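The model is a predicted one.

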Amino acid sequence: NSFNGSSSNSNNNRRLTNRELYQNKLAGDHTKGLQPMADLYQSHILKLGMDIVESRKARLMQPQQQQPPGETNNGKAPPSKKEKNEDSDFCKDLIALHDKFSNVNRETFCNHAYFCRALGESFGKIINMTNVGKFHNAELLSSFCDRVLRGMEKLNQVEVEQISTKIIQLFSYLTDKDIFAETYRVQLAKRLLTINNTTSSSLSSSGNDFEAEKSLISKLKAQCGTQFTSKMEGMLSDLELGAEQRGKFKSALAKEGKPKLDFGVQLLTVGHWPSYKSPENFAVTHEMQAGMEAYKSWYNQYHQNRKIAWVYTQGSANVTAIFANKTYDLTVSTLQAVVLNSFSGGRTLNFDDLKQQLNLEDEQMLRGLLHSLCCGKHRVIAKRSADGKASSSKKISSNDLFMANRKFTSKFRKIRIAMPTLASMEATSAASMAKVEEERKVVIEAAIVRIMKARKTSGHQDLVSEVLKQLTFFGAPNPRVIKRRIEDLIDREYLERSKDEANTYNYLA
């Protein structure tokens, strides 16, 4: 039997009659026959969900390009697509499947508990099953959120709100909620800093983007509690306070009679935001250094015991450049701006000279910066080989010479040059997962100590059950992991085994 309703009047009437009979059956308390039906219903949903998983697997196995007729790949397997931590089709299919059977539950089964439980259990198995590919389903779901909130799905404000609600419904079935939270937090930071870098002194010009962020975080908070979203809310708070602080800083400069600096700082509270790697002792321009010193002096008047650490990898700058008597406005990262300034005045530098001038020890980072400026879409820097000949290679060699590209032209006056994504600047998925594992240990241990401090004595099974109960918002930790945390706490003398019963623990004050 199909679960889809028919559009004909006769079928609609038949469905209404079946609904009435179903309601009468419930009213008559003849519910013993419903559980087998709910089991079949659950199996049907699970089968359709497995089809979606198999479709994702098939997409991952597709070759990157079709082999021309008559040609082989020397007996090797065809090259596969580089896997990314996003699959919008997979998420959309899951949302559509959940929508379909949510409507069936509501319209046909009157949201009866058996069928609602069948829907929940089937989706719990689908979304938490062994992941296809190297990324968790929690990461895929977070990345789909990222696409929606960045406007890549081309939805209006109402549609964004609707799809956000549906994403949270799928999120509620996840056991790896902490993986979702860490991935979402990193992606949220990128979106918020992008909003901050592209708007003026206030967030009002960011339109509905900021409100959409707040709305989705509020949904996560309603689902998992304040502790789950505290860092995300802290990030939003930092951005809202940042505009006010920038205004006060400019006013203070004006009162002191100092020349107006077109220099803005966004303070990021350590602990709320992801950890960003940034070069230490990086030699910024004189103008940037003046702005940094002025801000630090102003900030220390109000917060003497706080330390400011500059994160150059997340900043942006507007650079005015002149090529062939034509002026361009370049929007680049802070690091790119400093590199561009090194070639001001027609200077020519080799790789080692530039590295020494910038005081940048990370050669991989410097190569990425140079590649974005001389091998990308907008080649504002020219690259030559050591003998002075033009080089068409896209590889950055330590023997290459670099200078401003006098022949650069563009039909656009305002140009944005993308910042390269480098392993030395970005947290990898493996590093994020390692961080999640460490945070899991801390959260589980905190729950164990909290419970034992209140109870003083507890049996093993009772303690594990209570930890699982308290960490529902966090996901479902593996009981084996909880056992290892208990053993570690015993070794560190927070707990001890009872002398009378091996499976009983005592709290040590």
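## Overall make-up

The protein chain contains 16 helices and nine strands. Of its 509 residues, 40% are buried. The accessible surface amounts to about 29,100 Å², and carbon and sulfur atoms account for 49% of that area.

Among the contacts with a separation of 6 or more, 67% are between residues 24 or more positions apart.

## Nonpolar cores

The largest nonpolar core comprises 59 residues, and Leu 141, Phe 180, Tyr 184 and Leu 220 have the most contacts inside it. Helix H7 (residues 177–198) supplies the largest share of this core, with eight residues. Apart from this core lies another, of 47 residues, including Phe 249, Phe 263, Met 365 and Leu 369.

With neighbours within four places in sequence left aside, Leu 220 contacts Ile 168, Phe 171, Phe 180, Tyr 184, Gly 225, Phe 228, Thr 229 and Met 232. Two of these partners, Phe 180 and Tyr 184, are themselves listed with Leu 220 for the most contacts inside the largest core.

## Packing of H5 and H6

Helix H5 (residues 137–149) packs with helix H6 (residues 157–171) at an angle of about 175°, and the axes are 11 Å apart. The two helices are therefore roughly antiparallel, as the angle is over 145 degrees.

On the H5 side the contact is made by Leu 141, Phe 144, Cys 145, Val 148 and Leu 149. H6 contributes Val 160, Ile 163, Ile 167, Leu 170 and Phe 171. The residues of this contact are ten nonpolar, no polar and no charged.

Methods
Residues are numbered from 1 along each chain as its sequence is written. This is a predicted model: local features need pLDDT of at least 70, side-chain atom pairs count only at pLDDT 80 or more; totals for chains, interfaces and linings use all residues. Side-chain values use heavy atoms; hydrogens and water are left out. A nonpolar core is a set of buried Ala, Val, Leu, Ile, Met, Phe, Trp, Tyr and Cys residues joined through side-chain atoms within 4.5 Å. Buried means under 20% relative accessible area, exposed over 50%, partly exposed in between (1.4 Å probe, protein chains only). Helices (H or I, at least four residues) and strands (E, at least two) are DSSP runs, numbered from the N terminus. Contact means heavy atoms within 4.5 Å. Axes are lines fitted to C-alpha atoms, for helices over the stretch in contact, and angles run from 0 to 180 degrees between N-to-C directions. Angles under 35 degrees count as roughly parallel, over 145 as roughly antiparallel, 65 to 115 as roughly perpendicular and the rest as oblique. Ala, Val, Leu, Ile, Met, Phe, Trp, Tyr, Cys and Pro count as nonpolar, Asp, Glu, Lys and Arg as charged, and the others, Gly among them, as polar. Accessible areas come from the Shrake-Rupley method with a 1.4 Å probe; for residues, only the protein chains shown count as cover.
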